[in-house]
Amino acid sequence: MNPQYHGQYGQGPPVGQGGPVSSAGYGGPAPGPPGPRPMYNGQPMQGQGQFAGPGKQMPVQNGPQMGPPSNMGGPQGDLQYGQARPPGPGPNQFPQRGPAPPGGMGGPRGPGPNPSMMPGQGPNQLNAQMGNMNISGPPTRGPSQPTMGGMPPMGSSTGMTPGYNTAPVIGGGSGPPSNLPPNSLGGPPTGSNTGMPGPRPHGMGGMMPPRSTPQPSNTYGGPPSSSQGLPPTTGGYGQPNSMATGPLGGQPPISSSYGQPPVSMGGMQQPGFPPPPSSSSGPPNMGMQPPGGMPPPSSTSQGNFPPTSSYGGPQPGGPIPGGFPPTSNMAAPGFNQPPTGFPPMGGQTPVSQGFQSPGSQDMSHGQYGGNQPPQFNQGFPAPQPGRPGMPGMQPASMQQPQKRLDPDQMPSPIQVIQDDRNNRSGTFSTAGKGVVPPLVTTQFITSDQGSCNPAFLRSTMYNVPCTSDMLKNSHIPFALTISPFAKLQTEEHPPPIVNLGELGPVRCKRCKAYMNPNMMFIDGGRRFQCVFCGAATDVPDAYFAHLDHTGRRVDSYDRPELCLGSYEFVATKDYCKDSILPNAPAFIFMIDVSYKAVKCGLVNLICERLKKDILLNLPKEIGAEKSEIRVAFVTYGKEIHFYNVKGALAQPQMLVVSDVDDVFVPLLDGFFVTLEESESVIDSLLTQIPQMFSDSRETEVILGPVIQAGLDALKSADRAGKLYIFHTSLPIGEAPGKLKNRDDRKLLGTDKEKTILSPQSKFYSQLGQECVSAGCSVDVFLFPDTYCDVATISDICRLTSGNMYKYSYFQADLDGDRFIEDFKNNVQSQRAFDAIVRVRTSQGIRPVDFLGNFYMSNTTDVEMCAIDSNQAISVEIKHDDKLKEQEGAFVQVAVLFTSVSGQRRLRIHNLSLNCCTQLADLFRNCELDTFINYMSKYAIRNTLNKSPRETREHIMTEVANVLACYRKNCASPSSAGQLILPECMKLLPLYGNCVIKSDGIQGGQDISTDDRSYLMHLTNAMDVKSSCAFFYPRLIPLHDLDPSGTTLPSAMRCSAERLQDNGVYLLENGVSMFIWIGHSVDPDWIQKVFSVQSAAQIDIDKCRLHELENEISHRVRDVVNQVRAQRNRYMKLTIVRQRDKLEPWFNHFLVEDKGQNGSASYVDFLCHIHKEIRNLLN
Amino acid sequence: MATYQEFIQQNEDRDGVRFSWNVWPSSRLEATRMVVPLGALYTPIKERPDLPPIQYDPVLCTRPTCRAILNPYCQVDYRAKIWSCNFCFQRNPFPPQYAAITEQHQPAEIIPQFSTIEYTITRATCAPPVYLIVLDTCMDDDDLQAVKESLQMSLSLLPPNALIGLITYGKMVQLHELGCEGCSKSYVFRGTKDLNAKQIQDMLGIGKGATSAQGRGQQQQQQQLPSNRFLQPVHKCDFSLTDLLGELQRDPWPVAQGKRPLRSTGVALSIAVGLLECTFPNTGARIMLFMGGACTQGPGMVVGEELKFPIRSHHDIEKDNCKYMKKAMKHYEGLANRAASNGHVIDIYSCALDQTGLHEMKFCSRYTGGHMVMGDSFNTSLFKQTFQRVFSKDAKSEFKMAFGATLEVKTSRELKVSGAIGPCVSLGVKSSSVADTEMGLGGTCQWKMCGLYPNTTLAFFFEVVNQHNAPIPQGGRGYIQFISQYQHSSGQRRVRVTTVARNWADASTNIQHISAGFDQEAAAVLMARTAVFRAETDDGPDVLRWLDRMLIRLCQKFGDYHRDDQNSFRFSENFSLYPQFMFHLRRSQFLQVFNNSPDETSYYRHMLNIEDLTQSLIMIQPILYAYSFSGTPEPVLLDTSSIQPDRILLMDTFFQIVIYHGETISQWRQQKYQDLPEYENFKQLLQAPVDDAQEILQTRFPMPRYIDTEAGGSQARFLLSRVNPTQTHNNMYAYGSGGAGVSIYIVIWWLSSHSVLFSNIIMSFIYSNICLL
């Protein structure tokens, strides 16, 4: 967590100055994560101390040097900023505050150093923030953490200053107080460096400064804002989060936090800080910071500590410490902080975690003000001072970010992903209990050693608290995200099928758990003891085997269920409806043939491609030659047309049912056929359909009866299956399920939004339940031109585990391929029908809540009519008793289903988890992506029950609670102003914010009601991989592709700041894909890719990449294709030219930025969260 | 005119009319004392190839309340060019085109021999007839194949411009769109849900705007388009329809063991009616329903799905133990009324071993004048030839069917019409000719017959309204005019006018005149129709009692006997057969339900209700011919005494043709004497009844069941059940005394022996009557 931050910072720093040290730190971070973390924390503390101001960063980054000073400066700086911002850009601040300027000055220095440092590392953050100030300053100070210096002044200076300081703090704000101003400005350095320079490390100290600079502006927006956009930022925060970010609150608090400085701070983060800061910190901060010994720290390892630690390895904290003596030791940090209190700590502390703490503090300021970072910093710093010990801590932790945190100093998903990819690619063995799997973004091969592939099952935590209290305390939900039929890598083996004949699966007699590798055989193999409930069950004679000397069955390795985490059993009649073995499933293709459908080319397209792309690719059993799936065809408008395509017929027969009030299936024989037996008739049908309806004039389409008809058909044929419905418009035909147009986009984002996001009638919900009981899944492909009430229609998809696709303004020639790809993909990925999922857990815990697209008629069985490889459900597990630490916790997911060939089977996934009694263990073994996945689904549910505000606040509260818990229980004590993030969760604030900003959850009026509902529907069934990409889109630069490369270039953080005018970027989130073209992009590039002379000539209505024979074109298409291949849906490519009308839409996906609808930027959010945490801690 | 016999025959030949009384009692009171009501059997479109084609419109009486048509009985003033109406005495000028009229130059309608004349209304549009096939697909493959072939064959018999449509049904009802290329198309309806015309119209997307767009040609054509999808000219779709029929499979829905197939006859028919109703109202159209079993679901359901519950029997009906019957009848009656009011005919071809619900569905045919055919299987010549005969043509190669007829009766003042019995519905039109009392469908002077064929005969009943003390009406004659407007199978609109006149006689003084004019055959048929009509609503025994009473009263009134001497009883010649007819009627399947299913009863009654006098008499009293070496074939008494070992009997009951070989003949035949050259005469003897039977088979519609049996054969029961069991019970009477005496004795014996079953009152009544005799 923190470490990460640190890490980032660290990096920065290391580079910069402490290079060595810090660097070490960095390196450390990554590697040593686990251990480190604590260290980090510790470090942060220290760092903070120093940091408080830039110092920290300094320290961190710069290593000791900066450290101290930075701190000083930092805090102050922050404050200043804080204040400043509100008013105006950093500069302004200065002016405003008399002191500020100086501070600024100081800042600069601090930053300067930082920056210098930064350059290498994270100076960015800091610098960025500091920006303004820094610019100039940076260089100078760079080295030193003078920032600190800045601090002092700051503090002293004015409230403003303080805020400022913070910023600078980082920088090395430590630097002399005088610096402060500069520090804050520290920005200056940053400025210079701005983005680059100190970014990370300083992030903290420097942060502020940087911000001031342009870059920072973004991030910190706030602070910088002052200079740049700060004010706004702040505003952003405040507003968005409610945080109080508002300059107002912010400031005051800050001041408090920092003490006076806090004030300034306050400006920044006010809210958050306020409390803490105000309290002690306030003045102290200032003082503190300076003393923060930022210098010291800085001196020490300076940047290192904080930065390093943070970065280094956050965990590596270790390194950091190493880096700095003080820091080096975890303890140190810990201590440091306290001891260092400010100064001292600062120095050292910084080392430690510098990051967080520093970051935080700085951040805080920054943040608040403009950005969170600052806050932190300040907060910390200030606080630190106030409380000697504490401060230290804080700084360490967050420090980095300074006021306006430099975005680069804030935990970066890109970095996290990259680190994980670097460290964990390859083979992942599931042998160990409770091993956290690699991230979903990492390519790895799973070797099933008794626990299932994480592709099937991921948990939010792999170390489960033993008690309910502990779990509650952590606020981390214990949730599983289950994709029972996830697609595996080609190198991985599908779960083997075990056929025990009439014996059927062997199960525990009491809890009915299925045989699995964790069952313990006793009595010489005659009985086995259930790992879930402890009951002993006799082994059926047919299943008996002797045990070897270790107590294992001799046939352990011959039986998948005794050695693997995932396998399938062939079910017996007892597992079938009415004890009759099922028939092969069926697909019914139901095509809207109304005027609209014909006109947009849909009918033609489907009929033309259905056979080639779909029917020939029906899913089949692995190894089977042909698909057993039955297919049937229906068209409809105002009435329903069924087709008899019996092979014996000379031509297809159409049976029209026009009694839509009471629909029924007019035929049995010849409706469901297999492709080979009726191929010619189907061919002729598909030729006929477009002709028959070419002059369709039908505009009133029905939908309810269509679904009823499909359901009836499946029922009467006694098959499970899917309906594929291709529908164009709101069903206004006079029939059951008729919907009225109730669209009112104005309601979105208001408390009344749930009225239009919930189904308008119960019809589809009830129908959905009927479908469920018949094993009929409904997939709807929508091709609307206008509102068609996705909220209502999607309900049936939700209940029946169906998918929904939406192609607005569909035109066959433009969107046809996309639709067909999706369709094909969908059909091929179908794996299970008429399924029931049951989750069993060890005694002491049990599944209590289920989220996703399915239906439950009781509290334990999840009924899913169909499961494809992309579908996931989330299950929350809670304690109903205690777990025993030594025994661990087990989860078994059993899916009873009908396979694509009509075989009734059970797929079993087992997962073993560890238990823990220490929160630290819990926090060390968390899986953030799964957490976010769960959180988003939970938010979707809230959307329909609560007001948007409550939903949003719930997420923020959760985020703050988790972090606060960590802070309180796991992190070494530090200043309250410091933001300390656990390594595994350091992206939590970012992702949390992304969830909040997501269109599906907080969509405002800028998207249509249907889109909103559609996204909600999608989100609800996302697996971890999809949600990960969905909430934090991938941004890939295309303009500088290496033509010879074959892999995807590394992604960038989603922020407008990162886009260059001469660049071209690909952005995708699994649902949409954009190519953004800067206005001064190389025309040659355009020519090569789009074969037009300038971006202006690209026909953005026809977004297709031409197949041009040149390397760039090849490479670009290759990238696009690779990206598409990774996603479940074929994303529509939209081309956005810089500054043209689509750009705002594109910007919408730059999730680190402030949203158009007032949603918080990353920085703002971080500040707010920090404030919340502080509130909680107090 | 020599005899009444000849007079009657002549009138029948010319006008298609037979009256029960050919001299009418001149007062109401006298008329009621005649016992047998004054009635007429009128065959509206009796084949009259000799009629001149009249291509102009009839001349009507100008009195608005009269509107009678100029006829030979009108007095014509050739000089003044004026004619006076014989019904209302209105003097009417001839229309201008009659200016050239003189005594020598008369228009056909006033020439006496053209008391029946037919006008063709040329300005009326000629809509081609519509044939809508409604086919049950729940049958054996053999049956289905047979019916498919019959239908395919019928396509070639239809006029090419006729419109044809196809509905098939089983569990579902499918309305086929004809003439689709590449993909056959049909609309499917649930078999359990009744739909009204409006719903059908909506569901089929037809008839939209039919009300809004009256008259404009183009629009009309567009309107027709949708319906044309279902009803297409034969010449356009015969290929596709042939293919469609060829591909028809039996209903694919599985039938569980112990269940009947689900058949939605009620809905199918409802859709057919609804479709025609909204596409071709008031145009000649036939719905031809082919069903292979009873309706088992939905409205019109006759029997449940479970085989263990058999279809209702007369016994159940009596006990009021049939849960579906009333509802079903209501359904079908409703449909029949709708079809009738739109001028559409419903034919029912029912072939199954078990009952199919004709009892419930009888209204469909009765109200619309449709055919009702009952057989065992579609795969029999009975059905195949019957069906073929539906499309038989006359000498002018025009179909022997007509559509949408309206029959109006006008009477002179002393007479009023009190009702009609036959395949028609009342149009509820009041006029001065309508009597207060009702017989059959009364209260109207107009009836509608949606479908009729040359044999179709209606029974009309009249009431004399002259008061007892009033003088014999002026001129001494009463007049009745039957005006039938109908759509000829060629599509022409025609009007046939029959005007009849009969003398009045004062019964109190001239009873012998009146009794001489008695037509016992017509009277028997009229009584039979009346009895059957009553039987539909009344209790069976009540009807029999009523018949008995009427007979006894007639005997009392017109018999000639000495009190206390049974043997002295005599009837005049023209009454002599009447008791026999009544006797056979009493024990016929029309009134006796024992051993018949409700379906059979309905079927038999239906035929009696339609057929003309001759055929009706055969139904009432089967004809029995004897063939032997002793002479030429001769008619013999329908009596057990006629069964002789050395005779071959040929019995025609209308519904069955039975050839019965006497014991000896049968033995000879078994020994193959007929194959020996020296027994050529035996061969001829065997062949003779067969040839005669063939002759009957050729012309009869529906085709009778042909039974070839011999003494002791199981099928001999068909004969034995019909003959009069004299030999076993009647020895006490003078067997073989012949003539009317025998008959009446039989009747009397029969009445007495059976009346023990009746209540004491009846018994005493009958005994007292016997004493009278």
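Helices (H or I, at least four residues) and strands (E, at least two) are DSSP runs, numbered from the N terminus. This is a predicted model, in which local features need pLDDT of at least 70 and side-chain atom pairs count only at pLDDT 80 or more, while totals for chains, interfaces and linings use all residues. Residues are numbered from 1 along each chain as its sequence is written, chains are lettered from A in the order in which they are written, and side-chain values use heavy atoms, without hydrogens and water.

Start with the backbone of chain B. B:Val35 sits in the loop between helix H2 (28-33) and strand E3 (39-42) of chain B. Its phi is near 70°, a positive value in a residue other than glycine. Further along, a cis peptide bond joins B:Phe701 and B:Pro702, with omega about -10°. B:Pro702 belongs to the loop between helix H20 (680-699) and strand E29 (705-710) of chain B. Most residues other than glycine have a negative phi, and most peptide bonds are trans.

Now turn to the interface. Contact (heavy atoms within 4.5 Å) involves 20 residues of chain B and 26 residues of chain A. The buried area between the two chains is about 2,100 Å². That is the accessible area (1.4 Å probe) that two parts lose on being put together, summed over both. Carbon and sulfur atoms give 52% of it.

Salt bridges come next. The rule asks for a side-chain nitrogen of Lys or Arg within 4 Å of a carboxyl oxygen of Asp or Glu. It finds 2 across the interface of chain B and chain A. B:Arg190 forms a salt bridge with A:Asp662, with the closest N and O atoms 3.1 Å apart. On the chain B side, strand E10 (172-177), strand E11 (184-190) and helix H4 (197-204) each supply at least two of the residues that touch chain A. E11(B) gives the most, with 7 residues. By class, this side has 10 nonpolar, 4 polar and 6 charged residues. Here Ala, Val, Leu, Ile, Met, Phe, Trp, Tyr, Cys and Pro count as nonpolar, Asp, Glu, Lys and Arg as charged, and the others, Gly among them, as polar.

Over all chains, the search finds 69 salt bridges. One lies within chain B: B:Arg229 pairs with B:Glu177, the closest N and O atoms being 3.7 Å apart. This pair links distant parts of the chain, 52 residues apart. B:Arg229 is in helix H5 (residues 217-230), and B:Glu177 is in strand E10.
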